[in-house]
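Please keep the sequence and the structure at hand while reading.

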Amino acid sequence: MILIQQRLPLRLCASAVSVALASMAASTSFAQETEPVVVVTAQSRSQQIQNVPIAVQTLSGAALKDLGVANLGDVDAFVPGLSIDTSQAIRPNIYLRGVGTEDFGIGTDSPVGIYTDGVYTGKNGGSLLNFNDLKRIEVLKGPQGTLFGRNAAAGAISIVTNEPVNRVEAGGLVRIGSHGARYAEALYNTPLSDSVALRISAVNQQDDGWARNAYNGKRMGDEGDRGVRATLRWQGEQASATLSWEHEVMRAAGPLVLSLTGNKINYGGPSTWTNPFNTRLNNDAQPDMQGRTFDGVTLRVEKPLSFATLSSTTAYRHYNAQNWQDNDAGADQASALSTGIVESNATWQQEFKLSGETGKINWVSGVSAYRERATSVQSVSTNTTSLDTIIQHSAGLSPYATLTALAQGLGKATGSSALQGVNLLGQSWSEYMHDKGEYRAYAAYGDAIWHVTDQTNLTLGGRYTHDQKTFSWYNPQRTAAGLDATLAALNGANFFPSLVAARLLTATQAATLKAVTTSNIQFTNPGSSKAAFTANNSWNNFSPRVVLDYHLTPDHMGYLSWSKGYQSGGFDAVGVNGQYDKELVTNLEAGMKGTVRALGLSYGASVFHYQYTNLQSLTLVPASATSGIPVYQIVNSDQNATGVDLEAQWKLNRVWRLNGTLEYLDQTYANYVAPTGVNLNGQAAGAPYLSASAGVAARWPAWDGNADFNLMYGYQGEKRCNADTRQTGTCLPDGEIGAGKARERVDMRLGWQAPSGRWGVGLVVNNLTNKQYVSVSTLGSAVGSPYVYVSKPRVIALELRAQL
């Protein structure tokens, strides 16, 4: 048994180096010597990034590979303002400029849209796929309702993969590291004819975990992911088509959780919590695992017309995911609590787009259709001993211990050996919520850039969207086979009437105790206990944008933009018939972008203010007298924020490059009363004031080849607490637990490339300073055992790569 003994700084960093990793690609092991031109498609057109009047940051696939970044869960370390909590791999929480949701149910969507090759990923359960043949990532801050559409109210993350080329390419990479880390990838690209090319890539990432579970001796905190991607491209004289298929399988142990009460039942609250790093890992959930199987197919067709280019994108995505975990961080029967979710999701998307340039107007227009089918089964599992703990704390009654004592006492009095042997404690108990959603969305959009003069552009755009959703809930009676068998035997022995006859209980008390043993304690809505309850709703929205940009010189541009965003309404996946209206955001932004060629310096700066209305957020409502277990509830709030984004990249000479980014954000509630009853109007919504990053990269001749070095530092300030989060203990940066404290992360790479350029070696270190951080969950407080999720420690890996 290995205990977690180190007293380490808490909380995984959320930001490191940002922006312009594309420009750093020239300094990494297998990149070109020439300075690349960074081209993005943030406005549905191919444009140089310095000409795009949007706060957009790019990260190159080559640079991310060098740093050992495997998926979006690590990208927030490079983009200030972006925060991705990966405590549960299939239920990530994604925030951009302070806006996001912690909802893991299928009834709502994230306000941060994620797109792969222009295809919307849908629910977050399918968003953390491992990068496979990645070209670049574009992170667009602020509402992108016009060009990206619904559910991009906070911004959009656009993932772009490499396409087949008409030459043979082959390469591979193997990385072996601490905690049993193994990473391998392979690529093969070949032309099949003058017009057809095939590209196949595969990745495999595994490790053994970084902590041993005292309950069963197994290691936890592991990763296991493998995937393959195949793309076929045809280039004809009058049209082109690209067909891609992606498959991925993820399997790992359940989320690792550590007790805040030393594996003891304690209802004392945050003031009595102890440092979780001094507590042994003791998770007893059965099963205790998380996994996902994903498949996606995309067909893109492009046809030049006499006046424009017609593009068609057809896509299908499907994944099955599951997450089972311990929710009391211990193995005490009196506090046993675990949860699970099994989810299935399928989406179909079709978009037709026309784009062209007519005179002084560069324009794009299109229509799209989207369909999604999702199902999930959420479960809460415990036992009757733990239920006694819950009910005793909330209502002052221990029904199963009471009934056991009464049965054994009555058995002694009557000489019944059967009754003397009754024990209702320790019996398993599970409850389930079955959700099903069917969603459709249709949209039409247009966006035109008018070149008013050689220096001035005016952009006008808008998108009309219609959403319609149907949702159903079904929560059957709890499952407790052992308990039911014992209760059936007691009923057959006329147990409850005998207690009343013996005046051990009144008739009312007997009826109450009997009802407790058969009634749900978590999913309790009677309207959906016998059959599914169904609801439906629809929403309409028009999201416009107006942008004015002016080129002071060919190398310096200023812009002013006004834009709106929209997220469709939804349903509370746990609260039956809980419906939520659409979200709306209005954003005003002014910025500058430019390049000082003589210094090798490029920069970007923007200041913004947004008003967000009806933001849906998942909140854990504490236990009450009527519900012994805390329940998740979607709540709504209005928020305002003002902020600044800064970025710079500086090429000092042929060897050295520097880069840095910063975001300042002042985000507060405009209208919100927490479920605990606390009025938070004017108080902080949680996002830190400051997040920043800085990096240095170098490349120089060494041993007839080339050496490269990258060092990157990321910082996120402490969370801004409010009266509610301080009360629950989820935000106490100055406490011993350090929930919400400031985060740091340092990543490093040192590599060497052979003179031939065909092979190289490297040393990659993630989390160089070995800092671990926690996020608090109070779900276990129902049984007196709140807990924390913990980030991964330092990983050191040696790398060998080769290419034709």
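## Cavities

The predicted model contains nine cavities of 30 Å³ or more. The largest cavity holds about 310 Å³ of space. It is lined by 25 residues, and those closest to its centre are T116, L129, R229, E246 and F294. Several strands contribute to this lining: β7 (112-116), β8 (119-120), β10 (155-161), β17 (240-253), β19 (289-304) and β20 (309-326) each give at least two residues. Strand β19 has the largest share, with four residues. Sorted by class, the lining of the largest cavity consists of eleven nonpolar, ten polar and four charged residues.

Two or more lining residues come from each of β21, β22 and β38 (787-790). In the second largest cavity, twelve of the lining residues are nonpolar, eight are polar and one is charged.

## The second largest pocket

How much space lies in the second largest pocket? The volume is about 1,300 Å³. Of the 45 residues in its lining, D117, G118, R300, T313 and K353 are the closest to its centre.

Strand β21 (residues 338-358) gives the most to the lining of this pocket, namely six residues. By class, the lining of the second largest pocket has 16 nonpolar, 17 polar and twelve charged residues.

## Helix α3

Helix α3 runs over residues 384-395 and has twelve residues. From its first C-alpha to its last it reaches 15 Å, which is close to the 16 Å expected at 1.5 Å a residue. At the start of the helix, a side-chain oxygen of N383 comes to within 2.8 Å of the backbone nitrogen of T385. After the helix comes G396, which has a positive phi, near 70°.

Which residues of α3 are buried? They are T384, T385, S386, L387, D388, T389, I390 and I391.

S561 is found in strand β26 (residues 556-567). Is S561 buried or exposed? S561 counts as buried because its relative accessible area is 9%, and buried means under 20%. Apart from neighbours within four places in sequence, S561 is in contact with V546, V547, N587, L588 and E589.

L662 belongs to strand β32 (residues 656-671). Its relative accessibility is 28%, so L662 counts as partly exposed. With neighbours within four places in sequence left aside, the contacts of L662 are P80, V644, D645, L646, L690, S691 and A692. L662 and G227 are 435 residues apart along the chain, and 34 Å separates their C-alpha atoms.

Key:
Residues are numbered from 1 along each chain as its sequence is written. This is a predicted model: local features need pLDDT of at least 70, side-chain atom pairs count only at pLDDT 80 or more; totals for chains, interfaces and linings use all residues. Side-chain values use heavy atoms; hydrogens and water are left out. On a 1 Å grid over the protein atoms alone, a cavity is a set of points where a 1.4 Å probe fits but cannot get out, and a pocket is an open set with protein on both sides within 12 Å along at least five of seven lines; lining residues have an atom within 4 Å of a point. Grid points are joined across faces, edges and corners, and a volume is the space filled by probe spheres set on the points. Ala, Val, Leu, Ile, Met, Phe, Trp, Tyr, Cys and Pro count as nonpolar, Asp, Glu, Lys and Arg as charged, and the others, Gly among them, as polar. The expected span of a helix is 1.5 Å times one less than its number of residues. Buried means under 20% relative accessible area, exposed over 50%, partly exposed in between (1.4 Å probe, protein chains only). A polar contact is a pair of N or O atoms within 3.5 Å; within protein, one must be able to donate a hydrogen and the other to accept it, and residues adjacent in sequence count only if both atoms are side-chain atoms. Contact means heavy atoms within 4.5 Å.
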